[in-house]
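Hi,

Here is the structure I promised to pass on. Have a look at it first, and my notes follow below.

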Amino acid sequence: AQNSLDFDGTDDRVDCGTDTSVMIKNKTITIEAWIYPTAWKTNVYEGNIINKENNTNNNGYFLRCGASGKLNFGFGDNTSTWKELTSATAVLTLNTWQHVAATYDGVKSRLYVNGVCTDSVSVSSVIQYSNTVNLTIGDHSGAYVRRYQGRIDEVRIWNVARSTVRLL
């Protein structure tokens, strides 16, 4: 109780492997975590919270933050374009615990902060996964250096789109 992982933004990451439980391949997903960011990277894609992203085939999924407090979620469907949603404004705060989540229900991608939907976009696609890319917490799952700085706790990945009442 009362513990979290502390990432220095330089060389920390948790490699969670390729267990079948994190190989989401369908039209629904929820990824969530409690975060306490202590600094922002310049670009939103540089602060990976949860990452199972295969850039070779554009498949997998990610939740990340940066760019002065923006939140970003995306997934790949083996096409040339990632299905991404970035918050329109800074929705996160430094040095504060906040719950972040992203969902995709086969129709819309949504971002949540502390159980409140901050942004959404219509999407029609199917999430594809790579069984060769590890799920990573706090960094990119491949060759890119995109490290989160701060604390992360209670990471959860669901193969369903949870509703606002079920988040947190």
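Read along the sequence, the pattern is β-β-β-β-β-β-β-β-β-β-β-β, with 12 strands and 0 helices. Helices (H or I, at least four residues) and strands (E, at least two) are DSSP runs, numbered from the N terminus.

Before the details, a word on conventions. This is a predicted model, where local features need pLDDT of at least 70 and side-chain atom pairs count only at pLDDT 80 or more, while totals for chains, interfaces and linings use all residues. Residues are numbered from 1 along each chain as its sequence is written, and side-chain values use heavy atoms, with hydrogens and water left out.

The C-alpha trace spans about 35 × 35 × 30 Å along its principal axes. Of the 168 residues, 46% are buried (buried is under 20% relative accessible area, exposed over 50%, partly exposed in between; 1.4 Å probe, protein chains only). Looking at contacts (heavy atoms within 4.5 Å) between residues at least 6 apart in sequence, 66% join residues at least 24 apart.

As for charge, there are 16 positive and 16 negative side chains, and the centres of the two sets lie 7 Å apart. Lys and Arg count as positive and Asp and Glu as negative, without His and the chain ends; each charge is placed at NZ of Lys, CZ of Arg, CG of Asp or CD of Glu.

Asn72 sits in strand β6 (residues 70-77) and is buried, at a relative accessible area of 0%. Its side chain makes polar contacts with those of Glu84, at 3.0 Å, and Thr86, at 2.6 Å (a pair of N or O atoms within 3.5 Å; within protein, one must be able to donate a hydrogen and the other to accept it, and residues adjacent in sequence count only if both atoms are side-chain atoms). Leaving aside residues up to four places away in sequence, Asn72 touches several others, including Val44, Phe62 and Leu111.

Two backbone angles are also worth a look. Asn58 has a positive phi near 50 degrees; Asn58 lies in the loop between β4 (48-54) and β5 (59-66) and is buried at 13%. Glu154 also has a positive phi, near 50 degrees, but Glu154 is in strand β12 (residues 149-158) and is partly exposed at 39%.

Best wishes
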